[in-house]
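Work through the exercises below with the structure open. Each task is followed by a solution in steps.

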Amino acid sequence: MSRTSTTAFTAAVLAVLIIITLQPVAVSETTGTLQPGFNQAIVELRDAQSAGATPSELTEPVALLNKALELNREALILSASDEATRRAGLLVQVDQILTTVETQAIELTAVSSQRKSMNEFLTYLSGAIAAILGTIVYASAMSLHRKYRIKRTFSMRVSRK
Amino acid sequence: MNSQSSHSRRGLIVVFITLLIMCEATVYVISLPQPSERFFQFYVLGPNHTAADYYPGNDSNVNLGEPITWYIGVVNNMGTVQLVSVRIKTSNQTVPPPDDQRGLESPAPTVADFAQFLQDNETWEVSFVWSVSNATSSSGSTRILTVQINNESYPATSWSASNGYNFRLIFELWTWQTDTNTFGYGWNTEGTHRTAWLQIWFNMTSPGPKPPPE
């Protein structure tokens with residue numbers, strides 16, 4: 001029993017090792033791991049965009065995110081233990097940038113939402129003003145028409161046939 | 001007379017309400033966001049920013065240490081801020097490319113990747129200067145061991161080709177998926193999964209330095 005099972009066990013272990021070894025290895029996926037703050041920042045920025053933030057308003061937070069991405073990449077490349085302090089420092093910087101971006105995005109959402117509401121109000125108000133002007137024009141036209149009709153009635157001649 | 005005035009006022013109210021409905025409906029239609037297609041553009045260009053002359057002297061048989069300059073570009077037309085990643089994979093004739101039908105990435109190993117946040121309608125172009133810095137050849141098989149990309153050295157895994165023919169670099173476009181909190185191959189738009197990838201073939205029949213010109 002023992003010899004057969006040992007052989008089978010060894011074969012199974014070898015098979016697993018071969019399968020693991022043959023798996024394609026991602027050599028340097030430096031962006032594969034991102035801090036959760038990146039996800040939150042993207043969500044916040046998209047919210048700001050939906051609220052009506054303009055591309056020029058988004059330029060700064062997007063540039064900051066790219067800087068954070070670069071620092072994150074740099075931190076992930078540093079793997080040696082003697083560079084642990086530098087790595088930690090870089091990750092702290094990334095965290096700070098992400099916090100700044102989130103704050104900016106939330107502010108942008110508030111400002112853009114307010115601006116969007118005001119713009120919508122003014123747009124619909126302009127529709128109401130157009131309706132009022134249209135009614136005034138209609139009333140004036142009707143008044144002129146009535147006046148013209150009365151004048152024409154008085155200027156009619158009665159002639160004997 | 002009084003009856004006529006009341007009739008006239010009622011008429012004006014009807015006209016006003018009709019105009020109001022018409023104007024507000026027009027405003028509503030105009031203010032509706034225009035439906036547009038959401039997509040990415042993805043390209044790899046040669047040193048002259050054209051889809052031609054990818055290799056020096058138009059010879060796709062590369063030499064050891066010979067720098068090759070390409071430009072990788074991504075244009076975001078998704079309507080929102082996107083985090084994109086271009087993954088560069090090393091392959092040959094046998095390792096399959098991405099599966100367009102099933103939307104699956106290539107099983108070839110990733111040698112390097114570049115990521116960038118992009119605003120809507122923003123174009124990101126990165127220069128991609130690469131060279132094979134170490135390769136061996138034995139019993140009819142050429143194996144590339146190290147690639148130099150933008151002055152950084154990247155080890156290549158299982159990158160070999162028979163007699164040095166039909167090596168290829170596969171470029172895949174990955175995007176950040178906020179629901180899964182990871183990069184995913186391709187992107188989702190209007191309920192469908194889209195993918196974009198490119199490949200450029202080359203040979204390395206003599207894994208040695210470039211011979212001097214005669």
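**Exercise 1: a strand residue in chain B**

Gln148(B) belongs to strand β6 of chain B, where a strand is a DSSP run of E of at least two residues, a helix is a run of H or I of at least four, and both are numbered from the N terminus. The model is predicted: local features need pLDDT of at least 70, side-chain atom pairs count only at pLDDT 80 or more, and totals for chains, interfaces and linings use all residues. Residues are numbered from 1 along each chain as its sequence is written, while chains are lettered from A and ligands numbered from 1 in the order in which they are written.

Solution. 
- Step 1. A residue is buried if 20 or more other C-beta atoms lie within 10 Å of its own, exposed if 12 or fewer, and partly exposed in between, with C-beta atoms placed from the backbone.
- Step 2. Two residues are in contact if their C-beta atoms, placed from the backbone, lie within 7 Å.
- Step 3. For Ser131(B), the C-alpha to C-alpha distance to Gln148(B) is 5.2 Å, at 17 residues apart in sequence.

**Exercise 2: Val74(B)**

Task: Is Val74(B) buried or exposed? Which residues does Val74(B) contact?

Solution. 
- Step 1. Val74(B) sits in strand β2 of chain B.
- Step 2. With 23 other C-beta atoms within 10 Å, Val74(B) is buried.
- Step 3. Leaving aside neighbours within four places in sequence, the contacts of Val74(B) are Phe40(B), Phe42(B), Val84(B), Val86(B), Leu118(B), Trp124(B) and Leu173(B).
- Step 4. Trp124(B) is 50 residues from Val74(B) along the chain, yet their C-alpha atoms are separated by 5.3 Å.

**Exercise 3: positive phi**

Task: Locate Asn58(B) and Asn150(B) in chain B and give the phi of each.

Solution. 
- Step 1. Most residues other than glycine have a negative phi.
- Step 2. Asn58(B), not a glycine, has a positive phi of about 60°. Asn58(B) lies in the loop between β1 (39–45) and β2 (68–77) of chain B, and is exposed, with 9 other C-beta atoms within 10 Å.
- Step 3. Asn150(B) has a positive phi near 45°. Its place is the loop between β6 (141–149) and β7 (152–155) of chain B, and Asn150(B) is exposed, with 12 other C-beta atoms within 10 Å.

**Exercise 4: a helix pair in chain A**

Task: How are α2(A) and α3(A) oriented relative to each other, and which residues meet?

Solution. 
- Step 1. Chain A has four helices and zero strands.
- Step 2. The axes of α2 (residues 36–50) and α3 (residues 55–77) of chain A come within 12 Å and cross at roughly 170°. Axes are lines fitted to C-alpha atoms, for helices over the stretch in contact, and angles run from 0 to 180 degrees between N-to-C directions.
- Step 3. That makes α2(A) roughly antiparallel to α3(A), the class for angles over 145 degrees.
- Step 4. Ala41(A), Leu45(A), Ala48(A) and Gln49(A) in α2(A) meet Leu58(A), Pro61(A) and Leu65(A) in α3(A).

Notes
Parallel < 35°, antiparallel > 145°, perpendicular 65-115°, else oblique.
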